[in-house]
Amino acid sequence: MNQRNLLEVDWSQIPAPTDDGGAAHLTGMRLPAIGLRATDDNSVTLSALSGRTVVFAYPRTGEPGKIALVEDWDMIPGARGCTPQTCAFRDLFAELKAAGASQVFGLSTQSNEYQTEMASRLHLPFPVLSDEKLELTRALTLPTMEVAGLTLIKRMALIIDDARITHVFYPVFPPDRNAGDVLDWLKANPVSA
């Protein structure tokens, strides 16, 4: 399938993911000291960051006009929507920061090289982290899916306060509403002084 437009999606035609319990264990977990390469060429260790951090994870972003990873990508529950999710976080970035997010990051298992191209093309104001070696994914036992021989993180968002996961959004559907849901949660749960 050719991905003509990655942003205009009729979500009623896309199967929604169900809560398989794959993220139930995450709330309360401390993050391990694992450095991940970011699209701004830094190494980011989420466990070393203070304050409130928002990390949204997704399977993989596509490229306009390129062939999808597999023919039935859109019919895999939770697969379609990585670019709309990412763009929604981009568009609400200033509001997320104003609502208490010290840092915002995207996260996928795609290579840093690919993510850097995508971050530039989409004009992202935040870095995207590459877990290409699956180090963080395995350490936290993040929910994943196997597609075309690749291990991909299922779509989710994490609120992390001083290296501890305090809230998990999972499953996420539709993806373009995830950033708004995170923003609403941040406003309802301000960081205590």
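I started with Gln110, which is buried, with a relative accessible area of 3%. I note that this is a predicted model. The cut-off for buried is under 20% relative accessible area, so I count Gln110 as buried at 3%.

Next I looked up where Gln110 belongs. I found Gln110 in the loop between β4 (103–108) and α3 (112–121). Then I asked which residues are in contact with Gln110, leaving aside its neighbours within four places in sequence. I listed Tyr58, Arg60, Thr61, Gln115, Ser130 and Glu132.

**Helix α5**

I moved on to α5, residues 178–188. Which residues of α5 are buried? I noted Asn178, Ala179, Val182, Leu183, Trp185 and Leu186. I then looked down the helix axis. The buried residues of α5 fall within an arc of 165 degrees, so they line one face of the helix. I checked the other side of α5 and found Lys187 and Ala188 exposed.

What covers the buried residues of α5? I wrote down two helices among the covering elements, α1 (82–91) and α2 (93–98). I also wrote down strands, including β3 (52–57), β8 (156–161) and β9 (164–169).

**α1 against α5**

Two packed helices are described by the angle between their axes and the distance between the axes. For α1 and α5 I read an angle of about 40 degrees, with the axes 7 Å apart. That angle makes α1 oblique to α5.

I then listed the residues that make this contact. From α1 they are Gln85, Ala88 and Phe89. From α5 they are Asn178, Ala179 and Val182. I sorted the contact of α1 with α5 by class and got 4 nonpolar, 2 polar and no charged residues. Asn178, Ala179 and Val182 were also on my list of buried residues in α5.

**Whole chain**

Last, I stepped back to the protein chain. I counted 5 helices and 9 strands. Along the sequence I read the pattern β-β-β-α-α-β-α-β-α-β-β-β-β-α. The radius of gyration is 15 Å, close to the 16 Å that the globule rule gives for 193 residues, so the chain is as compact as a globular protein of that length. I noted that the C-alpha trace spans about 50 × 35 × 30 Å along its principal axes.

How much of the protein chain do buried residues make up? I got 51% of the 193 residues. I also looked at contacts between residues at least 6 apart in sequence, and 73% of these join residues at least 24 apart.

Conventions
Residues numbered from 1 in each chain as written. Predicted model: local features only at pLDDT ≥ 70, side-chain atom pairs only at ≥ 80, totals over all residues. Heavy atoms only, no water. Buried < 20%, exposed > 50% of the residue type's maximum accessible area, 1.4 Å probe, protein only. Helix = DSSP H or I, 4+ residues; strand = E, 2+ residues; numbered from the N terminus. Arc of directions from axis to C-beta. Contact = heavy atoms within 4.5 Å. Axes fitted to C-alpha atoms, helices over the stretch in contact; angles between N-to-C directions. Parallel < 35°, antiparallel > 145°, perpendicular 65-115°, else oblique. Nonpolar A, V, L, I, M, F, W, Y, C, P; charged D, E, K, R; others polar. Rg over C-alpha atoms; globule rule 2.2 N^0.38 Å.
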